[in-house]
Amino acid sequence: MLATAACSAPQGPAATAGGTGGADDTFVVGLSSEFDNLSPVLGFSPDGGSMIFDGLMTRSPDLTLKPSLATAAPEVSKDGRTVTFTLRQDVRFHDGKPLTSEDVEYTYEALLDPKNNSPIRGDYSAIESVEAPDPAKVVFRLKHPYAPLAQRATLGIVPKGTLEKTKPVGSGPYRFTSWTPGDKIVLEANKDYWGGPPALTRVVLAFAPDDNVRATRLRAGEFDATVLPPRAAAGFRGQAGLSVFDVHSADYRGISWPMNEPVTGDRAIRQAMSLAIDRQAMVDSILVGAGTPAYGPVSPDTTWHNPEVTGRTDAEAAKRLLDSAGWKTGKDGIREKGGTRAAFTLMYPAGDSLRKELALAVASDAKRVGLAVELAGLDWDAIEPRMSKDALMMGYGTPYDPDYINYEMFHSAFAGKGFFNPGRYDNPDVDRLLDEGRESADPAVRERAYRGVQKILHDDQPWTYLVFLKHVYVIRGDYSGIVPGVDAHEHATGGLFATIHTWKPTA
């Protein structure tokens, strides 16, 4: 699965966590889905916050990069093609072995090795080679300048020679204890952690894909923390002993369109859908105010956003657009063109109540302009093989460099590769701009490229963006050290939980 798998690919039924709701310093976190593996090389938590692993760099809640396993920011050559990190000398893996540059070299080489089939290998394609000239230095040789390399250096480092998927050894604040598939992962505090031992000595990551189940188990005291849709979280606000955090994010929900189908492949249909959808109503009613309307993949809260990418709700304009494109209203109120009915299926993951509500709202808005939407709540195993044929309520988004996600989501080289570009979008101008943004070290060139990408995507509508979410966390008890930041889509062990090793009970 992708790096976003923790949010988008549930794999097991809810089960008893086995935690004690805070007793004996055990802290139980209810997660919406189970991980595919626990290997950074194979895509586990590459942006940090995994609890088990450290990267060369890490992010503060305000998104600023700071050294982790590295002693400082990397040194970059004048041509931008040589990047050198100096390592800390006081770091040991959980098995007691010292971490050296050879472990870093191995981690990145294993990720880049085609034989390992890492789903995130494309994110690191700018790397030509990795060298370990001495135990404290790592040198990256690049094929071309790659401005986001320091941000990509949040990837967790594994011991040389191991690609352990289910019983990992890292150097992070928590060490792996056990994984019960479909149930939970148990982590114990690393008392010898170079950054200081965590106050929470035992963390249980319990899997509960259904939103209502997580809310029920939190209410029953089985969970100490979880993330809930805004409506489900509303009942916990103001309750004694519970804190609710509304955290800003670049996490969006939107519709991924199949580009080669008769109805959804027609740009007029997609543009009309964007006009017909009342995004503010979604924010007000479905999100209970915990979000903002979305019109593109880059959050307006980031410096990379193109201010020209905006929109409006205008059902009459949507009708005129469909009329001019030849989609005429039939006797049943649904449009037709050349014998083809303006109808399509919109899939959503069945256990995700938020996506279900958004899909229902989309279907209602579509009907007002003469488009018929059949909703299909399915599990991910059923969804994945249909993504090139049927529309899908999807979620992604990142507050980091715009190369993140957008390259794989919209470059034609990734068309049909799993959850990357599932609708098979292919636009040579977008390919060119994405390549330009990825390969340039000039901030002005990169800004122009990504603003151009956003404008074309807004015109083409390979996705119709709906809302940017606020992630709503509910936490039992009082802790110091909880610092909200700006979340990415993937926040199961990141987001607010990325700093759980620094939390301390206040009572």
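Mentor: Here are some questions and answers about this predicted model.

Trainee: What makes the protein as compact as a globular protein of its length?

Mentor: Start with what it is built from: 13 helices and 23 strands. The radius of gyration is 23 Å, and the globule rule, 2.2 Å times the number of residues to the power 0.38, gives 23 Å for 507 residues, so the protein is as compact as a globular protein of that length. Along the principal axes, the C-alpha atoms fill a box of roughly 75 × 55 × 35 Å.

Trainee: How many of the residues count as buried, and what is the cut-off?

Mentor: A residue is buried when its relative accessible area is under 20%. By that test, 55% of the 507 residues are buried.

Trainee: What share of the contacts joins residues 24 or more positions apart?

Mentor: Taking contacts with a separation of 6 or more, 70% are between residues 24 or more positions apart. Contact here means heavy atoms within 4.5 Å.

Trainee: Why are β4 and β6 called edge strands?

Mentor: Look at the open sheet of 4 strands, with the order β4-β5-β7-β6 and antiparallel pairing. β4 (75-76) and β6 (127-134) each pair on one side only, so they are the edge strands.

Trainee: How do you know that β6 and β7 pair?

Mentor: Pairing needs at least two bridges. 5 bridges join β6 to β7 (residues 137-142), so the two strands, which run antiparallel, count as a pair.

Key. Residues are numbered from 1 along each chain as its sequence is written. This is a predicted model: local features need pLDDT of at least 70, side-chain atom pairs count only at pLDDT 80 or more; totals for chains, interfaces and linings use all residues. Side-chain values use heavy atoms; hydrogens and water are left out. Buried means under 20% relative accessible area, exposed over 50%, partly exposed in between (1.4 Å probe, protein chains only).
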